Amino acid sequence: MRAAYLFLGLTLLAVAGCSKPTPPVGKWEGGAERGGVLVVARVEILPGGLVRVMAPDITNIAPDQYARYRERLAADLVNGWPDVAPREFDFDGETFRKPGGIAPQMVWDKKSNQMTLQLYIGANPAMPVPLRPVAEFHDSPWASG
């Protein structure tokens, strides 16, 4: 009888160790300006683990033009958000990838609850876009707090 309980306990531990990590539920937003690229982004992870993500960008702009395009991108994000369909990602407890994919799409820091979107534009390396957790989305992702 003792062996049966021990076997059952070890089996439960093995199954628990193999279970898929659950993605964090919440909302994140932010933006980045770097190397002629301006991007704003929103991420929402739903209770079932599906993810809504949108990141409009403008490339090849002069750094002195960033301020001019910030409002335009913020409006594109707000206006396009209702049409963003949730989709599945593989999640390992820290990194989100397209199903079966290799390249990181988002990285979550559990301690700070910060999400970093990995933006791929053309053949360039990924551009990290830091996103902060928010209770509700803002009209401008550049808003603080």
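Is glutamate 29 buried or exposed, and what is its relative accessibility?

Tutor: The model is a predicted one. Glutamate 29 has 0% relative accessibility, so it counts as buried, the cut-off being under 20%. Its place is in strand β1, which spans residues 26-34. The side chain of glutamate 29 makes a polar contact, at 2.3 Å, with the side chain of histidine 138. Leaving aside residues up to four places away in sequence, glutamate 29 touches Ala41, Arg42, Leu131, Arg132, Val134, Phe137, His138, Ser140 and Pro141.

Leu131 is among the residues with the most contacts inside the largest nonpolar core, along with Val43, Val51, Phe96 and Met115. That core has 20 residues, and β1 is one of the elements that give two or more residues to it, as are β2, β3, β7, β8 and β9. The largest share, five residues, comes from β2. Val134 belongs to another core, of 13 residues, which lies apart from the largest one and also includes Leu38, Tyr66 and Leu73.

Strand β1 also meets helix α2, residues 66-80, as the buried residues of α2 pack against β1, β2, β3 and β4. Those buried residues are Tyr66, Tyr69, Leu73, Ala74, Leu77 and Gly80. They lie on the same side of α2 because they cover an arc of only 150 degrees around the axis. On the other side of α2, Ala67, Arg68, Glu71 and Asn79 are exposed.

Terms used
Residues are numbered from 1 along each chain as its sequence is written. This is a predicted model: local features need pLDDT of at least 70, side-chain atom pairs count only at pLDDT 80 or more; totals for chains, interfaces and linings use all residues. Side-chain values use heavy atoms; hydrogens and water are left out. A nonpolar core is a set of buried Ala, Val, Leu, Ile, Met, Phe, Trp, Tyr and Cys residues joined through side-chain atoms within 4.5 Å. Buried means under 20% relative accessible area, exposed over 50%, partly exposed in between (1.4 Å probe, protein chains only). Helices (H or I, at least four residues) and strands (E, at least two) are DSSP runs, numbered from the N terminus. The expected span of a helix is 1.5 Å times one less than its number of residues. The arc is that of the directions from the helix axis to the C-beta atoms. Contact means heavy atoms within 4.5 Å. A polar contact is a pair of N or O atoms within 3.5 Å; within protein, one must be able to donate a hydrogen and the other to accept it, and residues adjacent in sequence count only if both atoms are side-chain atoms.
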